[in-house]
Amino acid sequence: MNETIEQKCISKGVKLTEQRKIIARVMSESKETYGESDHPDVDELYKRVSKVEPRISIATVYRTVKLFEESGILTKHDF
């Protein structure tokens, strides 16, 4: 089984706040929900996260994605 983003954060030593946990969970579940070819941009990710927790701002999503990228948890793709 593939490692979830939450598990990758733990193994890399990234602190998981409640907001980061929600964002990580939404990202991990996106492949199951939308298929293997799903690569949402930050705006689409924000829409999905907002459905789970409307109090998370788009700025928080941007910062979290940047943190995950800098930590080697995510890889940025330019399409």
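Helix H2 (18–34) and helix H4 (58–70) are among the elements that cover the buried residues of helix H3, where buried means under 20% relative accessible area with a 1.4 Å probe, protein chains only. Helices are DSSP runs of H or I with at least four residues, numbered from the N terminus. The model is predicted: local features need pLDDT of at least 70, side-chain atom pairs count only at pLDDT 80 or more, and totals for chains, interfaces and linings use all residues. Residues are numbered from 1 along each chain as its sequence is written, and side-chain values use heavy atoms, without hydrogens and water.

**Helix H3**
- Helix H3 spans residues 42–52, and its buried residues are Val 42, Leu 45, Arg 48, Val 49 and Ser 50.
- Beyond its neighbours within four places in sequence, Leu 45 is in contact with Ile 23, Val 26, Met 27, Pro 40, Val 61 and Val 65, contact meaning heavy atoms within 4.5 Å.

**Nonpolar core**
- The largest nonpolar core holds 18 residues, and Ile 5, Leu 45 and Phe 68 have the most contacts inside it.
- Such a core is a set of buried Ala, Val, Leu, Ile, Met, Phe, Trp, Tyr and Cys residues joined through side-chain atoms within 4.5 Å.
- At least two residues of this core come from each of H1, H2, H3 and H4, and H2 gives the most, with 5 residues.

How values were computed:
Buried means under 20% relative accessible area, exposed over 50%, partly exposed in between (1.4 Å probe, protein chains only).
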